[in-house]
Amino acid sequence: MNRHTKAMLAALAIALAHGCSDPSKPEGNATAGRGTAGDGGGDSSGGASGSGGNNAGGDASSDGGAGAHGDGGSSATLGSGGSTAASGGAGPGGGAQGGADPGGAGGLGEGGATGGGDGNTGGGGEVPAWDADDCMLPLGVPPVLREEYNYSHAAGVGDFDGDGRLDIVAAGTNFLDWHFVNIRRGKGNGVFAAPVGYGVAQDSEALAVGDVNGDGKLDVVTAHQDADTLSVLLGRGNGRFDPASSLDGGSQPSAVAIADVTGDTRADIVAAYYGSGNVRIFAGTASGSFTALSSIRLDGQLSSLAVVDVNGDGTLDILTSGRAVSAANVHVLLGTGSGTFATPATYAFSPQQLSGVAAGDFDENGSVDLVVTVSGSFVAILPGTGNGSFSATPTYHSVGQGPRAVAVHDFNKDGHLDIATANYTSHDVTILNGAGDGQFPTSATYFVGGSPRTLTVGDVSGDGAADLVIAQGHVVTLLADGKGGFGAQSRVAAGAKPSAVAVGDFNSDTRLDVAVANKTSKTVSVSLASSTYGFPTPTSYNVGTDPVALAAGDLTGDGALDIVVANKGDHSINVLAGSGAGSFTVRSATGAGVGINALALGDVDDSGTLDVVTGNEQGGSVSVLLGAGGGALAAPESISLFSRTTAVALGHLDADANLDLLFATSSPQQTSVLLGKGDGTFDLGDSYPHSRPLAIATADFNGDAVLDYATLGAGGISVHLGVGDGTFGSPFRTSQHMSDPAALAAGDLNRDGRVDLVVAQSNNIAITVFFGLGDGTFATGLDYPAGVRPVGVALGDLNRDGWPDVVTANQDSDGFGVLWNRGIVCGAP
């Protein structure tokens, strides 16, 4: 095969690797954020959808004057129906591999690079029509029910409009002049409408749902610590509420419940107060008003509340927990049935802090037991005696860090009660699976992001299984998966401080594997997918100092994927030569630019061999290392134009067959075009301003068969539509607030034929997905919990079900996460 045939085949393979349905329509590819994009492409029958490409990059760290801490990112492109991916990272930098080439036929990726995956749709079946108003796309979990600048402290569920579907109520604040109760009406299958808001006195610490006035319509009661009051919102039964009224009964109410504790068949309101350390009952009357009963004074600052019959006498009792001067206490108030209570019994825990309390018969002996969340990472269970007293010797069970709330339910339907906790510090939910003997032999953890504070059980999807609704600053739903658990994301340990991630078929089994660069441990970790699409503990390979960018491609020309890693600390490139069976040999380091921030692979000299392009802090803004065959690289040639390159991407930007280069710099703050000559050299094209650019992604965002690009930076995302001659039009901009964006990727996640954008937000421990509208503009971004400080991102169909999944490199949890794409879910008719 001559070099021109190789180049033609390579060009088509790039298009296929990025999922183009038509090789004349370049989907492009890219990365940024100290990252790279691997070359890619594998075989594709009929040229319909490509076998996955592999791209990567990214690192997160402050880079002396390069802008904000953790700037940068990486990006990638995945075409509809394909199984390819790129990666990203944080820190100024990024890289990408070439865009699609108009024309060509069949074959291997550029320079013989084979791609990961096989484009198999895996029985994905008919794709539901995407309707952003009535559909959602779960990525492990549904998107966060988020509102810009609003913070939700508490959430609950109830059928407020009487349509047989559970709705969600959330209460919180914008920290300025708006304190709200928001109602999201359920559309079925876990899909919810936009919120309708009602003003209340102050920020809400807790809420309860129930029919407080006996009219058969659900109402909402909220507790406001800062206003020393409760708010009562009476429901109209159509999803709307009357203006709030107030009840005063103590200082700093922290918890509230609705139950008939007076025995008159009317609902009462029970509140616990943090500041005044008392419980107050507001007895419901025939007129729908409330009478405040005498305060019940307890020792300490109360933080939680539960109303349940603990002694089996048919009368509701009150449980509350809090902290006194020297100990944390659980108080048990046995009810008489008339709104009065026996002398409280107190159970002390020293010196822990207690946050949540619930009850259930965990050992199935007929007596109700207590469970309380304990500071650190535990729940404590106090076995009940059956007469309302409890053992003073608790048993402890591990959960996540900083548990704030607890709920009891038989989640896996095995006939035994389980325990769920919302863990504030570790950003997750723990499920302890009960065995019916007081023990919990198995557990599961579900990452939900934010700072989980409240936890509510309810079947919000309408499938007959209990789901979870969590307030974590916004509202997250965990939907039951029908297998005894919840839709989840996979978590895999890697090395210390991951900085970049890439996917590719490294062992030639048609399944995509994952590679991660680990900045602190100076390694690359490779996890090979199992036959069930799980990811075992990775194998690690030692590389240079501070690896910050990662890419996959066949540099050695033997048909097996190799891995290229850029090491910022010692200004070097390592090639990990792949065996094709999943193992690698680390080649000796090759010198590159000073302070490498970004990496990209592509055949820039039209030789049929992959070359390496780096973006650098010093010593030339871009360095080109031409492939010398067999995985060897020539000495770098520097292109000195501007300062502090933060991202690079290769693609076909004009009408010739040569790969061109996009690169972003922080001095000046802009993206610039270098038009390739086909011999490894470039001519300078136009530049486009952007505030502190961090990452670049290329794709055909408007469907005109011309490559476009998106830049991620401090001010959001700018999308530049290509003209086809190496120039670009005025940008479309998204101004949505993002918390320390670190990486960027592009691909058709919802399979509507339009390219979407994915941003990793390292400080927000989430990714944000901007669904493409097909004209170069994008819908408002939706957040998904991702991991603790995600700094790299890659896309690929890891389980071959036809839906692209998202992989993140999570720096502060020393591993990577897989956000499994569960396909489009729409509301019920």
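## A disulfide across the chain

A disulfide is a pair of cysteine sulfur atoms within 2.5 Å. Keep that cut-off in mind as you look at this model, which is predicted. A search of the whole structure finds one such link. Its partners are Cys135 and Cys826, and their sulfur atoms lie 2.0 Å apart, so the pair meets the cut-off of 2.5 Å. The link of Cys135 and Cys826 is right-handed, with 95° about the S-S bond. This pair joins distant parts of the chain: Cys135 sits in strand β4, Cys826 sits in strand β66 (residues 825-826), and 691 residues separate them.

Are the two cysteines buried, or partly exposed? Buried means under 20% relative accessible area. Cys135 has 8% relative accessibility, so Cys135 counts as buried. Cys826, at 24%, counts as partly exposed.

Now let us turn to a sheet. Strands of a sheet pair through backbone hydrogen bonds, either parallel or antiparallel. Here four strands make an open sheet in the order β28-β29-β30-β31, and the pairing is antiparallel. At the edges are β28 (403-409) and β31 (442-447), each of which pairs on one side only. From one strand to the next, the twist averages 20°.

Let us follow one pair of neighbours. How many bridges join β28 and β29? Six bridges hold this antiparallel pairing, with β29 covering residues 418-423. To find the pair in the structure, look for His409, which stands opposite Asp418 in β29.

## The largest pocket

Next come the empty spaces. Rolling a probe the size of a water molecule over the atoms shows where empty space is left. The largest pocket has a volume of about 1,200 Å³. It is lined by 43 residues, and the closest to its centre are Leu207, Val256, Leu305, Val406 and Leu455.

Several strands supply at least two residues each to this lining, among them β5 (151-158), β11 (206-210) and β15 (253-259). Which strand gives the most to the lining of the largest pocket? That is β20, with seven residues. Sorted by class, the lining of the largest pocket holds 29 nonpolar, 11 polar and three charged residues.

## The second largest pocket

The second largest pocket holds about 650 Å³ of space. Its lining has 28 residues, and those nearest the centre are Ala132, Leu145, Arg184, Phe192 and Leu782. The strands β4 (135-136), β9 (191-192) and β62 (782-785) each supply at least two residues of this lining. By class, the lining of the second largest pocket has 16 nonpolar, five polar and seven charged residues.

What volume does the largest cavity have? The answer is about 70 Å³. A search of the whole structure finds one cavity of 30 Å³ or more.

The lining of the largest cavity includes Leu145 and Arg184, two residues that are also among those nearest the centre of the second largest pocket. Other lining residues of the cavity include Glu147, Asn150, His474 and Val475. Strands β6 (167-173) and β7 (179-184) each supply at least two residues of the cavity lining. By class, the lining of the largest cavity has four nonpolar, four polar and two charged residues.

Conventions. Residues numbered from 1 in each chain as written. Predicted model: local features only at pLDDT ≥ 70, side-chain atom pairs only at ≥ 80, totals over all residues. Heavy atoms only, no water. Pairing = 2+ DSSP bridges. Axes fitted to C-alpha atoms, helices over the stretch in contact; angles between N-to-C directions. 1 Å grid on protein atoms, 1.4 Å probe; cavity = no way out; pocket = protein on both sides within 12 Å on 5 of 7 lines; lining within 4 Å. Points joined across faces, edges and corners; volume = space filled by probe spheres on them. Nonpolar A, V, L, I, M, F, W, Y, C, P; charged D, E, K, R; others polar. Buried < 20%, exposed > 50% of the residue type's maximum accessible area, 1.4 Å probe, protein only.
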